Amino acid sequence: MVDWGWSFLMAKRDLRKTGWRLILFVSAIVTGIAALVAVTSFGDNLSKSIDNQAKEMLGADLSLRNRQAIEFPEMEELAEAHALEVNFASMVLFPLSGESRLTQVRALKGNFPFYGSLETLPLEGEQEFRKGGKRALVEKTLLAQFNVGVGDSIKVGNVTLEIVGGLQKVPGQTGITATVAPAVYIPMDQLEASGLVQYGSRINYIHYFQLAPTVDLDKLIEEREEAWEEDKVRYETVASEKESTGRSFQNLADFLGLVAFIAVLLGCVGVGSAVNVFVKEKLPSVAVLRCLGVRSKEIFGVYLIQIFIMGLIGSLLGAAGGAFLQFLLPFIFMDFLPVDVNVQVSWRAVIMGTVTGILISILFALMPLLKIRKVSPMMTLRPEEGSVGFRKDPLRWAVLGSIILFIIGFSYLLLGEWEETFWFTGFVIFAFGVLWFLAIGLMWGIRKFLPLSLNYPVRQALSNLYRPNNQTVSLLATIGLGTAMIGTLYFIQNQLLDEVKFADKEDQPNMLFFDIQSQQVEGTKKLLKDNGMPILQHVPIVTMAVDEINGLTKEDNEALEDEERRSNFMYNREFRVTYRDTLIQTEELLAGSLKPYRSSTDSIFVSLEEGYAERNKVSLGDEILFDVQGRPLKTYVGSFRKVNFRRVSTNFLVVFPDNVLENAPKFHVLITKTKNDQQSADLQNAMVRQFPNVSVVNLSMIVETLEEILDKISFVIQFMALFSIMTGVLVLISSLLISKFQRIRENILLRTIGARRGTLLVINTLEYLFLGGLAAGGGVLLSVLASALLSLYVFEISFRMEWIPLIIVFVLITGMTVLLGLLNSFNILKANTMDILRS
Amino acid sequence: MSLFTRGNYFSLKAMSILKVENLTKTYQSANRQLTVLDQVNFEVHPGETLSIVGPSGSGKTTLLGLCAGLDIASSGSIILDGFILESLNEDQRAAVRSQLVGFIFQNFQLLQTLTALENVMVPLELKKRKDAKQKAMELLEKVGLQDRMTHYPNQLSGGEQQRVSIARAFANEPKILFADEPTGNLDTETGEMIENLIFKLNEDERTTLILVTHDLELASRTHHSIHIKGGKLQEAVNG
């Protein structure tokens, strides 16, 4: 039995003198735990707020959405209140500046939202809008972008409306949604006059219902679900909204938790490394205690208790920091939140963070701490004896196994998928491995190959990297991994933007006009020609649905076994198809061929996008019966195409041959290439003025929107990555303080034998330069690898090395290390040479 | 704890407190085997004092460590107050040290994080003595450090540190005291004072003393001396 009482007494005594050093050790986990607790607590609060505000998010008890104007008289009768929203993408024009932009126009009838409100500025804007007539509410981002305000006008289609309020908050909408499609609310009585609802327009009809509390919603849905599905109506209730929003935000919280977990792991490496130094210094005391007859278990207990106490302090500090930090998070995540988060301390998160902190500080401290069990009492007589047989200690391997299991377990807890867990753990271990090998290899290389002829300060600085009790490995790991995270984010962001900007090169199209009605084709083409723009593509589009696949109707399909059944969505969706006998630039033929349709006796062969075909178990030669606006059309799958969806172009899941759909009702898309942003803006404004129903997408708008979204996302991720960097800084500071005495001794010794302060400053600067440079270099290298893998396998874009961001990250991280190191060196350099004699 | 089972213990108390038989210690160094002690034999009776002398690297410290149960021999046997040390594992030997043995080291080996008083209390606390503090204070008074009890080792001079070390060594009322060059790190005057203190306390407490030194004058104050050279026992002096 271990005498815990005695061990505790000794631990208490030991802490009096060395406690401050252990506090330094555990300070490394403070930032990580703070991040973890903040994120978990925020996640808990968010989930609670989503639960509490789910009604406000939907704005109603039930919503029914579809693409056709269907009425629900029985529901309207049952409901206490009913509202209808008709929404679609459309251009709006601000007459004041003559500028235009693609927005989401929402025509509203009724008092939606029934829960919550359309928050406007000024406040009376909402009441004013509800009076109907030529009034509009416009998203605040739009007002800011076009420098217009309340009282100014906005042209939506053919009608010009007065802006009566800026929309501050729309039910269920986040800042990101507002960036992609800013909303413009118009009264329903203005919809027809706008002339925007035409053939081919992608219109959503959403009916909102407020129901009496006595209505059994589940029963009501159960009774009508089938009929709604038949009519391609999708329903949403408060419960389903809560579930889907909760799920997606749980994913976000888990992802952020994972980023925080990396910061915790980095801190643990710092703890492990610092405890290693601590243990090395304690070995003589351990040997004395062994001489006095103390059993190894009791001595181990003395230090384990100290680590536990410090782990507890570090974790509590971290948890407290995290509890405060979470008050900041709603501002950081502002653009992603669909609800107002009611921030309060989540004790679950605090307890989880504290337990995690203690557990990992002990786990990571155990590796070096186990050495204590193997200290020979002979060390009192022969200090060189040290600890014996440590490498063979089975407990050491058990601890290593536990660390890996813990990382896997914790990651699984956050990710919920084994495959992702193994990828994540694998990459973390790989990254640690690379940085560890780099550090070990560097120290080995210096010892083996450092030439005597090298300039003295350089040689001394390099030698310092493997001085006894050095923390080269832990610093390289923490700073390196932090750099890798920041670098990866930075590079990926650039890669994605570059990919989009690619369209600006050569003769790639960069502007697209859609919703052009057949009678407008000539006029729009003329407008392009008059402005000197080429018509790169003219794409006719016909809408249709699938009736049968290989003779199986939707009902037949439902009766099939799970593995044979296709997704119902294939039968429910509206297909927008085009017709042509050739491939376009963004397409590649993978199987079969584009078979033309020459005469009425020919079969019709269509071409499918390969991914879609695969997901829906469609093979070459399969028969598909389409319903082209009431007329059945039997076709066969003649080919599969690979489509690059990331270009400014029209891309289709189904392509028909020429000579089949020419007489079907259709609308058109024109694609052109402008020379610059000004030309794009001018053309867009001219088009909106002449053809208000035609919508325009231009590349600069896509790039702008994407940049804005990526900026918002990367701000959040960089905020989290900051914790890793801060952990690295803390490990750096603590390692500098730990080695301070040794550095003072070295510096005084060098000064005693005649080195000038300037030389010492050069040596110190070079040491931090090598350390920072190597850590940053290793990190940048890892981030290039991670970015390349993510580009190729996740985003499926080609990877291009970019040197400038790479150099920026490298210089910043190295500079920070040198700066911190030098700040610490100044009082070392000031130390008195007589001190060495006195000590 | 199987320390006091019959197999490990037999009564030879009346005969010798320490018996060393054919003791050999070898180390594996690089590709060759290094014999540090070679077939050493001697015994010491209770209350006697013995010095081990010899030049540096002769194996005297190794011999002291083996006799005190700090290490185990490659072959041969050591019987310490009836305990056959080579048959005990490290924790069992630690228990023997706690019960029977006191140590004085050349470099004092005080625990730097404990005060003088706490350093002396440790062996008493290990024996669960309720009067640990009282007894430690008495011992520090005996060595003349009544005013330095709450000082940490780095606040004490070399001589004072060694006096704390002596007080600690006598704290658990050991049957046998091992001292490794106890005056090696001290000036002549302080060294002499420490020597006198060790021998006085040893006499008062009737402890057996095994002393490693290369100071022949100090060695002459013990009942017996053995001389080691190249790991072999050369001769017994004084005895």
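1. B:N22 is not a glycine, yet its phi is positive, about 50°. B:N22 sits in strand 1 (residues 18–29) of chain B; strands (E, at least two residues) and helices (H or I, at least four) are DSSP runs numbered from the N terminus.

2. The model is predicted: local features need pLDDT of at least 70 and side-chain atom pairs count only at pLDDT 80 or more, while totals for chains, interfaces and linings use all residues. Residues are numbered from 1 along each chain as its sequence is written, and chains are lettered from A and ligands numbered from 1 in the order in which they are written.

3. A second residue to check for its backbone is A:K617, which is not a glycine and has a positive phi near 55°. A:K617 belongs to the loop between helix 19 (610–615) and strand 16 (623–628) of chain A. With 14 other C-beta atoms within 10 Å, A:K617 is partly exposed.

4. Helix 1 (residues 60–67) of chain B has eight of its eight residues buried, so the helix is largely enclosed by the rest of the structure. The buried residues are B:K60, B:T61, B:T62, B:L63, B:L64, B:G65, B:L66 and B:C67. After helix 1 of chain B comes B:G69, with a positive phi near 75°.

5. Between the chains, 21 residues of chain A are in contact with 23 residues of chain B, contact being C-beta atoms, placed from the backbone, within 7 Å. On the chain A side, helix 1 (4–58) and helix 8 (238–291) are the elements that give two or more residues. Helix 1 of chain A gives the most, with six residues. The chain A side divides into eight nonpolar, six polar and seven charged residues. Here Ala, Val, Leu, Ile, Met, Phe, Trp, Tyr, Cys and Pro count as nonpolar, Asp, Glu, Lys and Arg as charged, and the others, Gly among them, as polar.

6. Within chain A, helix 14 (residues 456–464) and helix 23 (residues 757–794) pack at an angle of about 50°, their axes 8 Å apart. Helix 14 of chain A is therefore oblique to helix 23 of chain A; angles under 35 degrees count as roughly parallel, over 145 as roughly antiparallel, 65 to 115 as roughly perpendicular and the rest as oblique. Helix 14 contributes A:P457, A:V458, A:Q460, A:A461, A:L462 and A:N464 to the contact, and helix 23 contributes A:T759, A:V762, A:I763, A:L766, A:E767 and A:F770. These residues divide into eight nonpolar, three polar and one charged.

7. Two cis peptide bonds deserve a look. One joins A:F112 and A:P113, with omega about -5°; A:P113 is in the loop between strand 3 (99–109) and strand 4 (119–121) of chain A. Another joins A:L121 and A:P122, with omega about 5°; A:P122 is in the loop between strand 4 and helix 3 (125–130) of chain A.

8. The largest nonpolar core has 284 residues, among which A:A136 and A:A260 touch the most other members. A nonpolar core is a set of buried Ala, Val, Leu, Ile, Met, Phe, Trp, Tyr and Cys residues joined through C-beta atoms within 7 Å. Leaving aside residues up to four places away in sequence, A:A260 touches A:G32, A:A35, A:L36, A:V39, A:M720 and A:F723.

Note on methods:
Buried ≥ 20, exposed ≤ 12 C-beta atoms within 10 Å, placed from the backbone. Contact = placed C-beta atoms within 7 Å. Axes fitted to C-alpha atoms, helices over the stretch in contact; angles between N-to-C directions.
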